[in-house]
Amino acid sequence: EGIKMDSIKVYVLNICIVSVLTAVFRILIPNGNIKKSAEIVMSLLLLSIILIPLLSMKNPTFSNSISLNTTAKTNEEIFSDINTNNQAIRKAIDNELLNSGIKAENIEVKTHKDEQNYIIIESVMINRPSEQDDNLIKTLIKTKIGIDEETIKIVR
């Protein structure tokens, strides 16, 4: 769901290209202090090409737990972060529904923070005026945003 095969192909291709270019530059650069410096730079470049995608391998969609770095934050700051995330989740849901031609009157998101400072999405309640297939709406939100269908409640 999160990582697509195309992304993996591009990742491996980038590593191969940088490895080949590094080998060519090592052959072309003359011996001496410049070669040592260039090898260090090329090694750091290759290392960054390998590590950066691995370190940022989070799904851009919302999941039922969103990490918050709250180690040095006050309760007011944590509450503000939770409210900000709730607003972002509401906005993302509303945008996806509108893009699919579905108008929601109100969207409520309930969350809490667990012991590991993750925001857990408890429920998403969507008020909508028209009769539409609830399962279609739940599936849309799950596939486009990543929120579990069991978490979503639709009311009229």
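**Close-up views of a predicted protein chain**

**View 1. The buried residues of helix H1 pack against helix H2.** Contact here means heavy atoms within 4.5 Å, and buried means under 20% relative accessible area, exposed over 50%, and partly exposed in between (1.4 Å probe, protein chains only). Helices (H or I, at least four residues) and strands (E, at least two) are DSSP runs, numbered from the N terminus. The structure is a predicted model, in which local features need pLDDT of at least 70 and side-chain atom pairs count only at pLDDT 80 or more, whereas totals for chains, interfaces and linings use all residues. Residues are numbered from 1 along each chain as its sequence is written, and side-chain values use heavy atoms, with hydrogens and water left out. The buried residues of H1 are Ile15, Val18 and Thr22. Helix H1 covers residues 5-28 and has 24 residues. From its first C-alpha to its last, H1 reaches 35 Å, close to the 34 Å expected at 1.5 Å a residue; the expected span is 1.5 Å times one less than the number of residues.

**View 2. Leu47 lies in helix H2, which covers residues 33-55.** Leu47 is partly exposed, with a relative accessible area of 44%. In sequence, Leu47 and Ile15 are 32 residues apart, while their C-alpha atoms are 9.2 Å apart in space.

**View 3. Helix H4 comprises the twelve residues 134-145.** At 1.5 Å a residue, H4 should span 16 Å, and its end C-alpha atoms are 16 Å apart, which agrees. Ile137, Leu140, Ile141 and Ile145 are buried in H4. Seen down the helix axis, these buried residues fall within an arc of 95 degrees, so they line one face of H4; the arc is that of the directions from the helix axis to the C-beta atoms. On the other side of H4, Asn135, Leu136 and Thr143 are exposed.

**View 4. The largest nonpolar core holds 18 residues.** A nonpolar core is a set of buried Ala, Val, Leu, Ile, Met, Phe, Trp, Tyr and Cys residues joined through side-chain atoms within 4.5 Å. The members that touch the most others are Ile93, Leu97, Ile107, Val124, Ile126, Ile141 and Ile147. Two or more residues of this core come from each of helix H3 (75-99), strand S2 (106-113), strand S3 (118-127), H4 and strand S4 (152-155). Leaving aside residues up to four places away in sequence, Ile93 touches Ile107, Val124, Ile126, Ile141, Ile145 and Ile147.

**View 5. Strand S3 pairs with S2 in the antiparallel sense and runs parallel to S4.** Two strands pair if DSSP finds at least two bridges between them. Eight bridges join S2 and S3, and four join S3 to S4. Asn106 stands opposite Asn127 in S3, and the bridge partner of Ile107 in S3 is Ile126. Val124 stands opposite Ile152 in S4. The hairpin of S2 and S3 has four residues between the strands, and Asn117 in this hairpin takes a positive phi near 65 degrees.

**View 6. The protein chain contains four helices and four strands.** From the N terminus on, its elements run α-α-β-α-β-β-α-β. Of the 156 residues in the chain, 27% are buried.
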